[in-house]
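Subject: Structure handover

Hello,

Please find the structure below. My notes on what was found in it follow.

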Amino acid sequence: MKYSRGERVFDWINIFVLAVLTLLFLLPFLSVVSTSLISGKEYALRGLFILYPKEPVITSYHLLLGQGSLVWTSLGVSLARVTIGTGLNLFLTFPLAYVLSKRTLYGRVPITMFIFFTMLFSGGLIPNFVLVEKLNLLNSFWSMILPPLINPWWLLIMRNFMLAIPDELEEAAIMDGANPLTVLLRVYLPLSMPVIATVGLWYAVMHWNSWFDAAIYLNTPSKFPMQLVLRGILEFGTGQYGDASGLAEMTELIDPPPAESLKAAMIVVTTMPILLIYPFIQRYFVKGIMLGSIKG
Amino acid sequence: MQQFGGEHPGLSVTPASPTYSGRKGWREAWRQIKRDRFLYALAAIPLLYFVVFRYLPMVGVIIAFQDYDPFLGITDIFRFDRWVGLKHFRNFFDSIFFWNIMRNTVLISLYKLIFGFPVPIILALLINEVRVTLFQRTVQTISYLPHFFSMVVAAGIVRAMLTPQGGLLNQVVVALGGQPKAYLTDPDLFRSIIVTMDVWQHAGWNSIIFLAAMATINPEMYEAAAMDGANRFQRMWHVTLPSISFAIVIILIFRIGGMLDAGFEQIILLYSPSVFSVSDIIDTYVYRAGLIGRQYSFGAAVGLFKSVLALALMYMANKVSQKLGQEGLW
Amino acid sequence: MTTAMLNRRQLLQGMGLAATGAALAACVPAGAPADMADGGEMEPPDIWVATSTPCPGGGNPERTAAVRDHLLELTGVRVNAYLLPPGAARTEKLNLLIASGTEPLDVFEGAWPDFKGIVNPLDDLLDAGGQNILAGHSDLDWKMMKDFEGTTWGYPRLGLMGHTHFPFFRSDWLAEAGLDVPDTWDGMEEAYLAMRGNHPEAVITTMGRRHLMYNTLGAYTDHGYSRWIDPADNMLKPPELQEGYPDWLAKMNQWWADGWLQQESFANPDYRSMLKTLTIGLWLGWYSRITGWWSDIRRDAGYVDEDYILSLKIVGPSGIAKTNNAGSNTAYMIARKSEHPDAVIKYVNWIYSGGPDDVTNYLIASWGIQGEDWEWVDKEAKIARQFSAGSPVCEEKYSRDYQITLGLGPETWATAVKIEQPDGSIFWNRHWQHINTYWNQYDGGRMPVDFDVPYDRTAIRDAFPGEVDLERFIDEESIKFISGDRPLSEWSSFVDDLSGAGLDRWSELYTEQFRLYHP
């Protein structure tokens, strides 16, 4: 395709707009990275926004990652949680989404309603705790995996993507003698890769960021995921909800909060790994993936 | 130009699931179930999950009608001597701030919807139009960085921008000859700040699903449009947007269902008495009520109230979307 | 659990019979039923504690295990910890642990009236084995632990505190203006004006209305920041209904209008960043921002002249400006489901055992093993040297998992400890120094009228759910009066609105509880 002059102007304006937006998204993060690289002295002397370290030091990272096994153990737990959790999430979500996308399925609407209902109504923390307790999952790795096994919102989004896949493709495959399993794996799986990648990313990030369930269900520190070990420290002594909670204030009677650069280093350490996943997912966002997979 | 939209399968109107009645109907139903036994088998385990992990704990909503105290027996929720009927609902409705809280919740959500919903779509459209792959991927990755800040950190960044004591914005204002101002304590600005922060933090992240939808568009449709002489804007408007409308609609319905969650953590970290009148939402109110004592039942009652309203909202949104010929929730 | 016990037993056997016998004999008080393990060997009692530390993931696992073994040897009690997460999840986790039928939990902290039904009365247990705990607290502290019938429900965590609020002045700016530390309200205002004259950016900052009231309300009212008995009807009223409160609002409004008060004083800004800007001339908030955060910044930045100095007592038109912090009825309690309440008391009593003069046991429970994690340089002078205990990183140290005597008592006594630095200098943390000096200095402030009443606030909130509305209403409108968004001429209509919001019910409920303790 040849591009007209107007098209090229559009391209440049588009790139300019996106570059400005990107800067807005990037600067705060840069500031966090820079803060993680400065000394206590520099922190005390610099202004509110630190865009670049004058004398970069890696003390914080050294403190955080250099000694002891806790961070590394918890990183292992987090990685296991993300891979096993996300794998099981998709293993169950994708087939159910497929089933619900069959318009001729008897009972499709009641089943959808049955699932939809769980988006809005839940019993709250206590019954969930009791359930996990009764299933003997307290202080078990699986207490972080099983309760969030299928997210109904994401399931229905995936289903709507699959509804958008033309039925003719399935009919053609059946004509060629494919059984239902082959249709699922050979037709729907490749065609759904963009949404599977997206929903998979959502699940992965959910597993990576979660710490509340771990905090409630787990008791042994060696089983804690990284977010519980590190992210909690960020909130210690910040009087997180302000003046309202008296006790938070009282508990800082003696404990000082950790240095700002250490906190910043924790943010970087907990954010980086999940960011690295995205490039792998982007390859499923290429235009025309649907066409390519059909032809292939 | 409309034809391009019409070509996309997502727009085809769905026939409602077949319904049958009478003896003949049952036989026909059984025939269909037998035909689709593979599908039912596939759905069995996932549905079992919903029964065990989603429906079993749901009996817990009963505590909304009790004075439940977990210390008196955590599993003991069927004790009728603790039954108080609608007391907790009444307590909530009787609050002198009830209407203020409802108004704030709905308004903040509505603003977040009006501004926060289109921005990711526009961002996805712009990113989708970039032809330099490396730039495209870089922008995409960076755009979702702010989503990964915990709310405590994100709120800290916003405070640092806005404080009159050396904040970035006020430095600019002073350089331009203005007076420094505590923006976060201004009732006229508070909601705008909250909404802007929300858009900034989540626009990139929320655009991912639309980019995924765009990946399913058949490139031949763009070529056909270009042949017809459609320019870039016309192609975005007449090809891209209609082709991802199935994703737009369902996400819009979900967002409407979330209208009563206006962003608890964000608000509680940034609000203060000066802006209570425009910022106190259902969840911050429940939080403050629960600071003293164990308000499990009160929290459950308010939660149930929110769920019922959300159900009504989503039901209506779904009806509208079906009227417009879109694939809705069911 | 089983494997842990087994390992433990094997270890004990390896230690030699004599030592084992001594430790185990000490663990079971006479008359208490002993746990008999296989072969007639006695198992030490396990107790489970819920603690929150700055390390939500715990400390170094090996150090923690070593400290646990060490504590067993010293006390005959095997301590196990649940680490509570930070923030809002903390209360949830604690409540679930307490309520759970399967998770053992012996001791936890909270406001005791909330837990009265599910914790052990401590009177007999303390009499039997808690002499050091009993001796470690004042009668007033214990009074806050008792219901009006005299039953003790916990041992003190927080209580009346003299150290939490002082006006802190920029000392170099005072010196520059040739002024002494003020001790009167007018002197305070003059000092601020003088600072402002030299430094136009100087501001007064607080941390919300509550802290400002702790520091200043006494200057304009009869009772300071305290509920008070209205002689007109003999009922308890909120501090805001004192006669002088509108005068105080007028004064604060004047400060606000003249640009004295930092504009975010009531909006919870980032105080650390604000301290860095060196613009705070007068601090009227919670003490630790100065004694902790500021002293860190000052040290890191290498400031020499720049510093803050507190004024012990400010006297205003109506008397002493400050009100002492009545703290709360926050206590450590022993769950009724506990299998070894006597072992809990035994362990805690051991931590208390040296009294204020010898905090060795407290330091072992907090810092770890003496000689490995830390050691005394000079026990008499209370100078210690920290090894792993001084690390800022959780992974390197034992992170206080088994410490269940925070707050009043041993933690406060331990603030007397000075630390020898690697270069040989002796460092007394300013924060500790402050607590150690002022925690029981109540003369600089007023005593709240009801400082000795351990209210059951949950019962009050159950009976009057509108309390949360009342709180918001008072807070919101007070700030409007201060910032001038509402003129003080509307004061009487505000009071009328308060009545409409259920003020009488509030008074009734608080008075009722107050009268239980002050018939």
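Which order do the strands of the open sheet of four strands in chain C have? The order is β15-β16-β17-β18, and the pairing is mixed. Strands here are DSSP runs of E with at least two residues, helices are runs of H or I with at least four residues, and both are numbered from the N terminus. Two strands pair if DSSP finds at least two bridges between them. β15 and β18 (426-427) of chain C each have a single partner strand and stand at the edges, so one side of each has no neighbour in the sheet.

Before the rest, some conventions. This is a predicted model, in which local features need pLDDT of at least 70 and side-chain atom pairs count only at pLDDT 80 or more, while totals for chains, interfaces and linings use all residues. Residues are numbered from 1 along each chain as its sequence is written, and chains are lettered from A and ligands numbered from 1 in the order in which they are written.

The sheet in chain C

Strand β15 (residues 374-378) and strand β16 (residues 383-386) of chain C are antiparallel, paired over four bridges. C:Asp378 stands opposite C:Ile383 in β16(C). β15(C) and β16(C) form a hairpin with four residues between them. In its turn, C:Lys382 has a positive phi of about 55°.

Another strand pair in chain C

Strand β1 (residues 46-51) of chain C pairs with β2(C) in the parallel sense over six bridges. C:Ala50 stands opposite C:Tyr82 in β2(C). Five of the six residues of β2(C) are buried. A residue is buried if 20 or more other C-beta atoms lie within 10 Å of its own, exposed if 12 or fewer, and partly exposed in between, with C-beta atoms placed from the backbone.

C:Pro85 lies in the loop between β2 (78-83) and α4 (89-99) of chain C. Why does C:Pro85 count as buried? Because C:Pro85 has 26 C-beta neighbours inside 10 Å. C:Pro85 and C:Lys397 are 312 residues apart in sequence, and their C-alpha atoms are 18 Å apart in space.

Domains

Domain bounds come from an automatic or database domain assignment. Chain C is divided into domain 1 (45-157 + 329-369 + 389-396) and domain 2 (457-517). Taken over C-alpha atoms, the centres of these two domains of chain C are separated by 36 Å.

Chain A has 15 helices and zero strands. Of its 296 residues, 46% count as buried. Its assignment gives domain 1 (1-57) and domain 2 (69-229 + 257-295). The C-alpha centres of the two domains of chain A lie 31 Å apart. Seven residues of domain 1 of chain A are in contact with seven residues of domain 2 of chain A; contact means C-beta atoms, placed from the backbone, within 7 Å. On the domain 1 side of this contact, α1(A) gives the most, with four residues.

Chains A and B

The contact between these chains takes 83 residues from chain B and 86 residues from chain A. Helix α3 (residues 37-55) of chain B supplies ten residues, the largest share of the side of chain B that touches chain A. That side of chain B divides into 56 nonpolar, 19 polar and eight charged residues. Ala, Val, Leu, Ile, Met, Phe, Trp, Tyr, Cys and Pro count as nonpolar, Asp, Glu, Lys and Arg as charged, and the others, Gly among them, as polar.

The core

A nonpolar core is a set of buried Ala, Val, Leu, Ile, Met, Phe, Trp, Tyr and Cys residues joined through C-beta atoms within 7 Å. The largest one has 274 residues, of which A:Met158 and C:Met333 touch the most other members. Helix α10 (residues 190-214) of chain B gives the most to this core, with 13 residues.

Confidence

Chain B averages a pLDDT of 88, and 93% of the residues score at least 70; pLDDT is the predictor's confidence in each residue, from 0 to 100. Over residues 1-17 of chain B, pLDDT stays under 50. Where pLDDT is low, the predicted coordinates should not be read in detail.

Regards

Key:
Contact = placed C-beta atoms within 7 Å.
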